[in-house]
Amino acid sequence: IYVGGDVECKEAIFATDSLSKKEMFDSTYDDDIWLINTECANVQWYRDIHFEGGPYKHIVTFENISPECIKLIYKGTGKSH
């Protein structure tokens with residue numbers, strides 16, 4: 001299932017199916033990095049059409065993920081790179 005091209009932005013959780021730092025989405029900020037247990041999260045994931053055909057597997061959900069299904073693995077500063 002794809003998502004993208006919506007007229008207005010919606011709150012979302014974006015994820016990359018990789019633990020490799022070089023494959024993760026780079027927002028140009030020093031973001032927090034969370035590990036998501038996707039089986040525990042039990043949400044509908046969509047492929048992000050903006051990254052279709054790229055080398056990495058970026059996915060997105062519009063549902064909340066329970067705190068017991070995520071773990072902070074890197075605390076960013078929030079500052080621009």
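Where does Leu19 lie? Leu19 is found in the loop between strand E2 (13-16) and strand E3 (33-36); strands are DSSP runs of E with at least two residues, helices are runs of H or I with at least four, and both are numbered from the N terminus. The model is predicted, so local features need pLDDT of at least 70 and side-chain atom pairs count only at pLDDT 80 or more, while totals for chains, interfaces and linings use all residues. Residues are numbered from 1 along each chain as its sequence is written, and side-chain values use heavy atoms, without hydrogens and water.

The protein chain contains 1 helix and 6 strands, which follow the pattern β-β-β-α-β-β-β along the sequence. Of its 81 residues, 21% count as buried, that is, under 20% relative accessible area with a 1.4 Å probe and protein chains only; exposed means over 50%, and partly exposed lies in between.

Leu19 counts as exposed because its relative accessibility is 64%.

A search of the whole structure finds 1 disulfide, a pair of cysteine sulfur atoms within 2.5 Å. Cys40 and Cys69 form this bond, with their sulfur atoms 2.0 Å apart. Cys40 lies in helix H1 (residues 38-41) and Cys69 in the loop between strand E5 (58-61) and strand E6 (70-74), so the pair ties together parts that are 29 residues apart in sequence. The disulfide is left-handed because the torsion about the S-S bond is about -60°. Cys40 is partly exposed, at 35% relative accessible area, whereas Cys69 is buried, at 5%.
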